[in-house]
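User: I am new to this structure and would like to go through some of its features. Could you show it, please?

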Amino acid sequence: MSNNIPNVMDAAVLNKPMDIEIKQVPVPSIKEDEALVKVYCIGVCGSDVHYYEHGRIGRYVVEKPIILGHELAGEVVQIGAKVANVSVGDRVAVEPGVACGRCEYCKSGRYNLCPDVVFMATPPVDGAWAEYVAVRSDFLFRLPDEMSFEQGALLEPLSVGMHAMIRGKVSPADRMLVTGLGPIGLLAIQAAKIYGVTEIYATDVVPFRQELALKMGVTAVIDPSKENLKERLAELTGGQGVTVVVESSGNGRAIADAFGAVNRGGRVVLVGMPAASEIPVDINTIIDGEIDVYGLFRYANTYPSAIQALSKSDIDIEQVITHKYELKDIKEAVEVARTEKETSIKVMIYPKL
């Protein structure tokens, strides 16, 4: 390859569950509508950990060695002949799900539901725990000078929070409860602030996560294992309650409790995927209370608004990064994300520290 781009690169390859190693693989070649991005940093997502541990998520099964990772930012080092929206040298965030652009979902703006989406690190598609990645250029977004690569990589999980706000029709008039304070829950809190919400409550049972949420600006944290959620919310809100719940834990009890915690006429956005596909919920509460229930799958059209909202803002999403590792230490990085849930939130990987 030209422009000092090597022919081979380091990549973290998952051979089989619990077996990951750094291998030399070819640097991807780009098509005419793609750009080659030199990866600066890339997050470890819960889905990456799940594939590492179990080799599958639902219908997506790791059947051959795969490169994981899909939360990334980097620098454009090469562009295809038809690429006009980015240039060599641009710092970019990468949206990792490339939709077809032609189906009814894409045409209606809901391209996250595209049946032919090619999503990084979802078998059999390779991801970006590597030095370089090829991406269709319309899924690259230029970062303003004041935004770090780390913020760029965090736009992916933040986008889930942004999409939750859009799905839940969130406005500054809302009082919100966020259940589960992993990376998605914490970034949903930041997304709520972007959407003007000033009264945000949160639940988690892990003290470290509770403390970080308070640092990141929640109004109050409730431990559902020690306190009655509905009673505590009534106390904290002066009896007004919450108008919207964003459920990010995937915990069966938290999902069931969300419908009793929200006000009548309120909205519940279900983000966290439970281990069991069937959860008992009180349907009468939903019907009688005219509660709107929204499912959420990834995000659509969130990157431009997230970049705009953060670029001139004092909202600090980098607080979720608790650990940083070189790509060569990928095994240790993934193990920290897998086993140290008491103290780790977002683990960030750097191909070249």
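User: Where is the place of Asn301?

Analyst: Asn301 sits in the loop between strand E18 (292-295) and H9. Helices (H or I, at least four residues) and strands (E, at least two) are DSSP runs, numbered from the N terminus. This is a predicted model, in which local features need pLDDT of at least 70, side-chain atom pairs count only at pLDDT 80 or more, and totals for chains, interfaces and linings use all residues. Residues are numbered from 1 along each chain as its sequence is written, and side-chain values use heavy atoms, with hydrogens and water left out.

User: What phi does Asn301 have?

Analyst: Asn301 has a positive phi of about 60°, although it is not a glycine. Asn301 counts as partly exposed because its relative accessibility is 49%; buried means under 20% relative accessible area, exposed over 50%, and partly exposed in between (1.4 Å probe, protein chains only).

User: And Lys169, where does that lie?

Analyst: Lys169 lies in the loop between H3 and E13. Lys169 is not a glycine either, yet it has a positive phi of about 50°. With a relative accessible area of 56%, Lys169 is exposed.

User: Which residues is Ser171 in contact with, neighbours within four places in sequence aside?

Analyst: Those are Tyr195 and Val197, where contact means heavy atoms within 4.5 Å. Ser171 is found in the loop between H3 and strand E13 (175-179), and Ser171 is partly exposed, with a relative accessible area of 27%.

User: Changing topic: at what angle do H3 and H9 pack?

Analyst: Helix H3 (residues 149-167) and helix H9 (residues 303-311) pack at about 100°, with their axes 10 Å apart. Axes are lines fitted to C-alpha atoms, for helices over the stretch in contact, and angles run from 0 to 180 degrees between N-to-C directions.

User: What does that make them, roughly parallel or roughly perpendicular?

Analyst: H3 and H9 are therefore roughly perpendicular to each other. Angles under 35 degrees count as roughly parallel, over 145 as roughly antiparallel, 65 to 115 as roughly perpendicular and the rest as oblique.

User: Which residues make the contact?

Analyst: On H3 they are Leu155, Glu156, Leu158, Ser159 and Met162, and on H9 they are Tyr303, Ser305, Ala306, Ile307 and Leu310.

User: One more: is the peptide bond from Pro123 to Pro124 cis or trans?

Analyst: The bond from Pro123 to Pro124 is cis, with omega near 5°. Pro124 is found in the loop between strand E10 (118-119) and strand E11 (132-136).
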